[in-house]
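Here is a short walk through one protein model. Keep the structure in view and follow along from one residue to the whole chain.

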Amino acid sequence: MSARLDAQFAFLLEADKLRGVERQNLVLDCSRCENSAEHSWHLALYALVLAPFAGPEVNVFRAIRMLLLHDLVEIDTGDHPITDDVDWEAVAISEQTAAKRLFALLPADQEAEFLALWQEFEKAESPDARFAKQVDHCQPIFQTLYGAKPLDWHVEVVRQNLNGGRAATLEQDFPQAFHHALSLLGKDSGFDCGPLTARLGFLNEADQLKLVIRASKLGDGSRHENSAEHSWHIMLYAWVLAEHSVAEIDVDRVLQMLLLHDLVEVDAGDTPIHGVTGPEVLQAKAEAETAAAIRLFGLLPQEQGKPMLAIWEEFEAAESPDAVFSKSIDRVQPVLLNLLNGGGSWVDYNVSLPQLDTRVGDKVNRGAPDVWTYVRARIEPWFRETGRL
């Protein structure tokens, strides 16, 4: 068991480096470039919300898994914008090499599963992979065209991408997206894009999660993480560590919970678990988050927004096996980051090991006790050395 967890955490901690890969695209408020980890989270959300546009043969949750993985190779290769003048065949070879290295960090059975899924996405031949590719083509287009102050040359890249670039296939594969993008560029064809635009408001609002800063720092300590990239990372955690759940769970439902769980922070902000809190503060936080959930999921058509609100409420109640495990994983990831970066929020909030056992360990033990046993053994020496036992 320990050797298997060693391999799983080696992969998960290596994956943390994707947050340091900067993309050409800007976040929606145009304040900075987005990184590949938060981009991957946003694509997963796009796939979930745009599921009604997928064919009946598409397994949307397989597509979501592909999107969680698809950019991991950029840890080794970096991002290559479509405007780059590069040898794309050489890029493909280097990405294959990166995929084999990264997924080889996992136990052999998971290595095979993840590598096969990544390769399926790259080939773009299966229905699931084609849908995932459509989502990957859409998000940068709408992120640019709905941007607060998009750069002129970014808009021109979108125009060229639609007119003969890789996004030109959207005209056949996803006409609502293609024609709505053209209308945003001033070429309204009269195509009915209402079902799509009814969902883009929610997806655009969700982009703000990339601006919500958390107490935890990245593994390298270079900056604090944001809630969008955090959500991406814990989805990977849940997928990789699902076998350690104390109860039987539906992994796809867990991934959906973790994809959605922090969206309320767009309105309510993040509340550090080691911050000073009391009953009144916690009650106010719960009320603010509930109001945020109602507002945000209310931006979607009711047939989608209502089930998503129910999933969020189930996560918050933490009573079902899926929710209990999701809560466990939500607590584990910051612990490993703090260990990597020299203490992080434990130092900032003067946290002792008994406090961590109460605030984190008890919750992780509910859903994944073997994971907490493993993690606690790794962090105890740090608390011992710093006199925080």
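Start at N161, which sits in helix α8, residues 152-162. The model here is a predicted one. Is N161 buried or exposed? Its relative accessibility is 9%, so N161 counts as buried, the cut-off being under 20%. Which residues does N161 touch, apart from neighbours within four places in sequence? They are I82, I141, R166, A167 and A168. Look at I82 in particular. I82 and N161 are 79 residues apart along the chain, yet their C-alpha atoms are separated by 8.5 Å.

Move on to helix α11, which covers residues 194-206. This helix has 13 residues. From first C-alpha to last, α11 reaches 19 Å, close to the 18 Å expected at 1.5 Å a residue. At L200, α11 bends by about 25°. L200 is also one of the buried residues of this helix. An α-helix has 3.6 residues a turn, so residues three or four places apart point the same way. What covers the buried residues of α11? The cover includes α2 (36-49), α7 (127-145) and α10 (175-184). It also includes α14 (265-268), α15 (279-297) and α16 (302-317).

Now turn to the aromatic rings. How many aromatic pairs does a search of the whole structure find? It finds 12. One of them joins F9 and Y237. This pair is edge-to-face, with 6.0 Å centre to centre and 70° between the planes. The pair links distant parts of the chain. F9 belongs to helix α1 (residues 2-15), and Y237 belongs to helix α12 (residues 227-241). The two residues are 228 residues apart. F9 is buried, at a relative accessible area of 1%. Y237 is buried too, at 0%.

A second pair to find is F53 with F174. This one is tilted: the centres are 5.1 Å apart and the planes make an angle of 35°. F53 lies in the loop between α2 and α3 (60-69), while F174 lies in the loop between α9 (170-173) and α10, so the pair ties together parts 121 residues apart in sequence. F53 has a relative accessible area of 18% and is buried. F174 counts as buried as well, at 3% relative accessibility. Rings can also gather in a group. F11, F103, F114 and W239 form one aromatic cluster.

Finally, step back to the whole chain. How many helices and strands does the protein chain have? There are 20 helices and four strands. Along its principal axes, the C-alpha trace spans about 65 × 50 × 40 Å. A compact globule of 389 residues would have a radius of gyration near 21 Å; the chain has 21 Å, so the two agree. Of the 389 residues, 56% are buried. Contacts tell of links across the sequence. Among contacts with a separation of 6 or more, 72% come from residues 24 or more positions apart. The accessible surface of the chain comes to about 15900 Å². Carbon and sulfur atoms account for 51% of that surface.

How values were computed:
Residues are numbered from 1 along each chain as its sequence is written. This is a predicted model: local features need pLDDT of at least 70, side-chain atom pairs count only at pLDDT 80 or more; totals for chains, interfaces and linings use all residues. Side-chain values use heavy atoms; hydrogens and water are left out. The expected span of a helix is 1.5 Å times one less than its number of residues. The bend at a residue is the angle between axes fitted to the seven residues ending there and the seven starting there. Buried means under 20% relative accessible area, exposed over 50%, partly exposed in between (1.4 Å probe, protein chains only). Contact means heavy atoms within 4.5 Å. Rings of Phe, Tyr and Trp (its six-membered ring) pair if their centres lie within 6.5 Å; planes under 30 degrees apart count as stacked, over 60 as edge-to-face and the rest as tilted. The radius of gyration is taken over C-alpha atoms; the globule rule is 2.2 Å times the number of residues to the power 0.38. Accessible areas come from the Shrake-Rupley method with a 1.4 Å probe; for residues, only the protein chains shown count as cover.
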